[in-house]
Amino acid sequence: MTKCHYSVMFIGREEELQKLQEFQKRKVAGMIVVCGRRRVGKSTLIEHFAQGKRFLEFYGLAPREGLTSQDQLNHFGEQLGLAFQLAPMRFANWNHALDTLAELTKQGEVIIFLDEISWMAGSDKDFVGKLKGAWDTKFKKNPKLILILCGSVTSWIEENILNDKGFMGRVSLTLTLKEMPLSDANKFWGKHRISAYEKFKILCVTGGIPRYLEEIQPEQTAEQNMKRLCFSRGGILVEEFDKIFRDIFTKRADDFKKIVQVLAQGNHELGQLCHHLKVEPTGALSHRLHVLEQSGFITRDYVWDKSKKKSKLSKFRLKDNYLRFYLKYIEPKKHLIEQGLYADLFLEDLPEWNTIMGFQFENLVLNNLPAIQHLLQISSSSVLSAAPYFQHQTKRYPACQIDLLIQCRYTMYVCEIKFCQKISPDVMDEVSEKMEKLTLPKGVSLRPVLIYQGELSPKISQANFFTHLISFEQFLQ
């Protein structure tokens, strides 16, 4: 039986764990699909859920030049032999391999975990059909069996499993893991008394990605942690970008990298993105954007108009904080980092630090919308939309851009997201001007909100202009 490599510290994921535990109470065999960005903690979640249970874990080999389907089969046979304390098994095809696994697990409670399944399938175009056949004729006959399919190439799982007609009705639970909320990310510092600003600097790079958060050494300052992770030879975040793009996108990695390079400079409508990429809005581009979105790296924010409906206006946003930080600060200096010339770096001396941190802070906020909803005491049933808002200038309306507009049935929350060492009273004039440009539906109130990291001018609190002042520290609680 394969061994579970449990994390020393398992944090969060209560909702997902509860769903898995409820699933196990079923009286019939079940199939689960787990998706999410690489390093978001999919395997760790499953291993934690399976702790103390009969658990068989198999994983595909990462793509490399010359790797064949037979290599994947041989690797699977070796893992199967180890799991049952047998000699390495040799299979000529996946029908034989999967049937053998099913025969060995035909009785008793068992959780089978096929990790990085797209790698396991390799170049075998019939893998999915063979897996479906094995499920229908063998695996599901054991009522106490759970088969979990997992992978970082979410687009492959979507296309070959979730949207495949052959698997319709067979997947009983789908979990899509997102970044951890900041309140859970905060727990990686343990009981150490670290300032919110120090945590802010690190979280602006790691976001809520558990694998990166595990590398935090609480006894070190933010500067020391960042130098070790991002600006030292061999640092995990120095090498991570190339590993992600090579493993997920293989030979097409450069095409996907060009898109995130453009979005690292700011949010763009499709036409603007095409202009910067110097391409036409073809189906190939749409597919790449969809793959990046499914992989958890970008998102498409749609504008909701005054009729309370989603309009055609939208912008693509690089939602992954690590990717932007890497492209802006690590990659351009990678040759110097390899030479050890960034050892004495001071983060706030980096070019455009405040501007980039403003982007990073905005992403942190937008990736934690449930926390904002809670802090504003908004009922989930009343929210119609929550996303960045923009409107183009026309003869009737002026141009306008709002960091976050939360539209409820009877209230609109105009949220300004601000990172600055000292936040001046000018922010009230900026938000007031934006509010004047909005056209409100009848019977809807407008409430300005400031979400900030930095020192507030006392005049802001005294003016009572904002209905809510939300500090970054409140997200950590």
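Predicted model: local features only at pLDDT ≥ 70, side-chain atom pairs only at ≥ 80, totals over all residues.

Q: Okay, at what angle do the axes of α16 and α18 cross?
A: The axes of helix α16, which covers residues 321-330, and helix α18, which covers residues 353-366, cross at roughly 165 degrees and come within 10 Å. Angles over 145 degrees count as roughly antiparallel, and therefore α16 is described as roughly antiparallel to α18.

Q: And is that crossing left-handed or right-handed?
A: The crossing of α16 and α18 is right-handed.

Q: Which residues make the contact?
A: On the α16 side they are N321, R324, F325, K328 and Y329, while α18 contributes W353, I356, M357, F359, Q360, N363 and L364. Sorted by class, this contact between α16 and α18 has 7 nonpolar residues, together with 3 polar and 2 charged ones.

Q: Switching topic, where is S457, and is it buried or exposed?
A: S457 sits in the loop between β11 (445-456) and α21 (458-463). Its relative accessible area is 15%, and because buried means under 20%, S457 counts as buried.

Q: What is S457 in contact with?
A: If we leave aside neighbours within four places in sequence, S457 is in contact with I423, S424 and P425.

Q: What about S172, which strand is that in?
A: S172 belongs to strand β5, residues 171-177, and S172 is partly exposed, with a relative accessible area of 37%.

Q: Which residues does S172 touch?
A: Not counting residues up to four places away in sequence, S172 touches F23, R26 and M31. S172 and M31 are 141 residues apart along the chain, yet their C-alpha atoms are separated by 5.7 Å.

Note on methods
Residues numbered from 1 in each chain as written. Heavy atoms only, no water. Axes fitted to C-alpha atoms, helices over the stretch in contact; angles between N-to-C directions. Helix = DSSP H or I, 4+ residues; strand = E, 2+ residues; numbered from the N terminus. Parallel < 35°, antiparallel > 145°, perpendicular 65-115°, else oblique. Left-handed = near helix turned anticlockwise from the far one by under 90°. Contact = heavy atoms within 4.5 Å. Nonpolar A, V, L, I, M, F, W, Y, C, P; charged D, E, K, R; others polar. Buried < 20%, exposed > 50% of the residue type's maximum accessible area, 1.4 Å probe, protein only.
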